[in-house]
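Let's take a friendly walk through helix packing and aromatic contacts. Have the viewer open as you read.

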Amino acid sequence: AIYGGEPYSRRAHLAESVRPFVAIGDGLRARGYSAPEVLAHDLDAGLLLLEDLGTEPILKDGAVLEERYGLAVDVLADLHGQPMPRDPAVPGGGRHLIPPFDKGVFGIELSLYPEWFVPFATGAAMDAETLAAFAEAWDALWPFVEEAETSWLLRDYHSPNLMWLPERGGLATVGLLDYQDALIGPTAYDLASLAQDARVTVSADIETRLLARYEAARRAADPAFDAAGFRRAYTVVAAQRATKILGIFARLKVRDDKPAY
């Protein structure tokens with residue numbers, strides 16, 4: 001699909017080579033997190049030989065374990081509490097400038113809902129008046145995101161992309177995958193991805209405790225941490241993600257013949 005003359009991937013700042021994956025991964029490992037080591041690479045050909053992080057996901061028998069999700073929260077709190085470069089180095093020379101989670105990304109992701117989910121659910125396109133109201137409602141919420149604290153936003157921080165590596169201990173117990181689309185954006189985004197995991201049920205009680213755990217860790221490291229501002233941003237980006245994902249799941253079904261979700 002074309003959006004203003006560009007493919008969706010470009011408007012949404014999705015990676016179009018392996019260089020972002022390598023640069024972000026190097027930055028994560030340098031700070032003690034378990035991103036897979038790149039054992040060999042041919043960046044021009046788009047080929048990577050990666051460390052195998054095993055077969056045990058963060059889920060246990062397909063269900064959420066609060067202990068494991070809590071440690072994944074600790075990884076985010078630690079990551080967000082330290083300065084991260086906006087242009088990490090790429091092996092062999094050059095740097096990867098991490099794109100921003102800007103209003104363009106915010107909007108293009110939301111557009112998946114009227115474009116794919118509404119016709120799938122109702123059998124008809126969203127009418128022009130409703131589409132305008134939809135856009136206006138989200139425009140009113142964007143300032144809460146724009147004003148929020150930012151850091152590396154790994155973007156797909158949820159159960160399919162988090163492995164369990166108990167032999168490593170500490171924060172390295174959580175193995176990290178699928179961060180090539182990372183942005184500079186609101187710290188609340190990845191916590192919302194985890195605590196409102198779209199692919200498994202996270203109870204409201206567990207979500208509440210995960211949020212409290214994150215905020216306590218951030219306050220312990222920085223008493224000036226703005227918990228109220230973080231909660232506002234969390235509420236908006238969690239709703240934005242859910243809206244986007246409804247569109248993605250419908251698109252997977254309709255366009256790609258992948259009905260599982």
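## A helix pair

Keep in mind that this is a predicted model. Two packed helices are described by the angle between their axes and the distance between the axes. Here, helix 4 (residues 103–110) packs against helix 9 (residues 227–254) at an angle of about 40°, and their axes are 8 Å apart. The two helices are therefore oblique to each other.

## Aromatic pairs

How many aromatic pairs does the structure hold? There are 13 of them. A pair of aromatic rings is described by the distance of the centres and the angle of the planes. For phenylalanine 101 and tyrosine 189, the centres are 5.4 Å apart and the planes stand at 55°, so this pair is tilted. Phenylalanine 101 sits in the loop between helix 3 (66–80) and helix 4, and tyrosine 189 belongs to helix 7 (residues 188–195), so the pair ties together parts 88 residues apart in sequence.

Another pair is formed by tyrosine 214 and phenylalanine 225, whose ring centres are 6.2 Å apart with planes at 70°, so the geometry is edge-to-face. Tyrosine 214 lies in helix 8 (residues 204–221) and phenylalanine 225 in the loop between helix 8 and helix 9, so this pair ties together parts 11 residues apart in sequence. Tyrosine 214 is buried, with a relative accessible area of 0%, and phenylalanine 225 is buried too, with 9%.

## A cluster of rings

Which residues do ring pairs link into a cluster? They are Phe101, Phe106, Tyr113, Phe117, Phe134, Trp138, Trp142 and Tyr189.

## Charges over rings

Two arginines are worth a look as well. Arginine 199 lies over the face of tyrosine 261, at 5.0 Å from the ring centre. Arginine 251 lies over the face of tyrosine 8, with 5.3 Å to the ring centre.

Key:
Residues numbered from 1 in each chain as written. Predicted model: local features only at pLDDT ≥ 70, side-chain atom pairs only at ≥ 80, totals over all residues. Heavy atoms only, no water. Axes fitted to C-alpha atoms, helices over the stretch in contact; angles between N-to-C directions. Helix = DSSP H or I, 4+ residues; strand = E, 2+ residues; numbered from the N terminus. Parallel < 35°, antiparallel > 145°, perpendicular 65-115°, else oblique. Phe/Tyr/Trp six-rings, centres within 6.5 Å; stacked < 30°, edge-to-face > 60°. Buried < 20%, exposed > 50% of the residue type's maximum accessible area, 1.4 Å probe, protein only. Lys NZ or Arg CZ within 6 Å of the ring centre and 35° of its normal.
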